[in-house]
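This briefing goes through one protein model by topic. Please look over the sequence and the structure before reading on.

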Amino acid sequence: MKRHGIRYRARLKLLALSHYSGGSPKCACCGDTNSDFLTIDHMKNDGKAHRKQIDNNGSGGGWRIYLWLRKHNYPEGFQILCLNCNFARGHFGLCPHKRGFNLTDQRAKIYYINSRRNPIPHVAK
């Protein structure tokens, strides 16, 4: 029974990834094709509310989202992203692949510019 469950869940995920990728599963941002790293992205950033809707205790993620998508005939408003792009989109608003610069480099530039404008005074001891 356990093996069947694992295969069933893997198939649910593959069906969703294939549908939203238009065939072969890949990240819509960077093009990564490793299905172990691919996940569903809520394009309206309403994933938390949607997971709660699927399962009252809020754990409606994972295979439950893939089952929900299949039962609802793969509605619009979702895309496939790798975990890195999905994390960056959720936490920074945009993935580094779309921004065109490295966030760490940008923070360093901002820090440098601000430090040149407002130098920290040296205090004599």
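This is a predicted model: local features need pLDDT of at least 70, side-chain atom pairs count only at pLDDT 80 or more; totals for chains, interfaces and linings use all residues.

How many salt bridges does a search of the whole structure find? The search finds one, and it is formed by the side chains of D41 and R89.

**Overall fold**
- The protein chain has six helices and two strands, which follow one another along the sequence as α-β-α-α-β-α-α-α.
- Of the 125 residues in the protein chain, 27% are buried.
- The accessible surface of the protein chain is about 9,400 Å², and carbon and sulfur atoms account for 53% of that surface.
- Among contacts between residues at least 6 apart in sequence, 63% are between residues at least 24 apart.

**The two strands**
- Strand 1 and strand 2 are paired in the antiparallel sense, with five bridges.
- Strand 1 is mostly covered, with five of its five residues buried.
- Strand 2 spans residues 78-82 and includes Q79.
- Q79 has a relative accessible area of 18%; because the cut-off for buried is under 20%, Q79 counts as buried.

**The salt bridge and its surroundings**
- In the salt bridge between D41 and R89, the N to O distance is 3.2 Å.
- This pair links distant parts of the chain, as D41 lies in strand 1 (residues 38-42) and R89 in helix 4 (residues 83-92), 48 residues apart.
- D41 and R89 are both buried.
- Q79 touches both partners, D41 and R89; leaving aside residues up to four places away in sequence, its other contacts are A28, T39, I40 and M43.
- Side chains of opposite charge can pair when their charged atoms come close.

**The largest nonpolar core**
- The largest nonpolar core has 21 residues, of which Y20, C27, I40, L69 and C85 touch the most other members.
- At least two residues of this core come from each of helix 1 (2-21), strand 1, helix 3 (63-71), strand 2 and helix 4.
- Helix 3 gives the most to this core, supplying five residues.
- L69 is in helix 3 and is buried, at 0% relative accessibility.
- Not counting residues up to four places away in sequence, L69 touches A16, Y20, I40, Y74, P75 and F78.
- With the same exclusion, I40 touches A16, Y20, Y66, L69, F78, Q79, I80 and N86.
- The C-alpha atoms of L69 and K13 are 9.7 Å apart, while the two residues are separated by 56 residues along the chain.
- In soluble globular proteins, nonpolar side chains tend to be buried together.

**Cysteines**
- The structure holds zero disulfides.
- C30 is partly exposed, with a relative accessible area of 33%.
- C85 is buried, with a relative accessible area of 1%, and is one of the residues that touch the most other members of the largest nonpolar core.

Note on methods: Residues are numbered from 1 along each chain as its sequence is written. Side-chain values use heavy atoms; hydrogens and water are left out. Helices (H or I, at least four residues) and strands (E, at least two) are DSSP runs, numbered from the N terminus. Buried means under 20% relative accessible area, exposed over 50%, partly exposed in between (1.4 Å probe, protein chains only). Contact means heavy atoms within 4.5 Å. A disulfide is a pair of cysteine sulfur atoms within 2.5 Å. Accessible areas come from the Shrake-Rupley method with a 1.4 Å probe; for residues, only the protein chains shown count as cover. A salt bridge is a side-chain nitrogen of Lys or Arg within 4 Å of a carboxyl oxygen of Asp or Glu. Two strands pair if DSSP finds at least two bridges between them. A nonpolar core is a set of buried Ala, Val, Leu, Ile, Met, Phe, Trp, Tyr and Cys residues joined through side-chain atoms within 4.5 Å.
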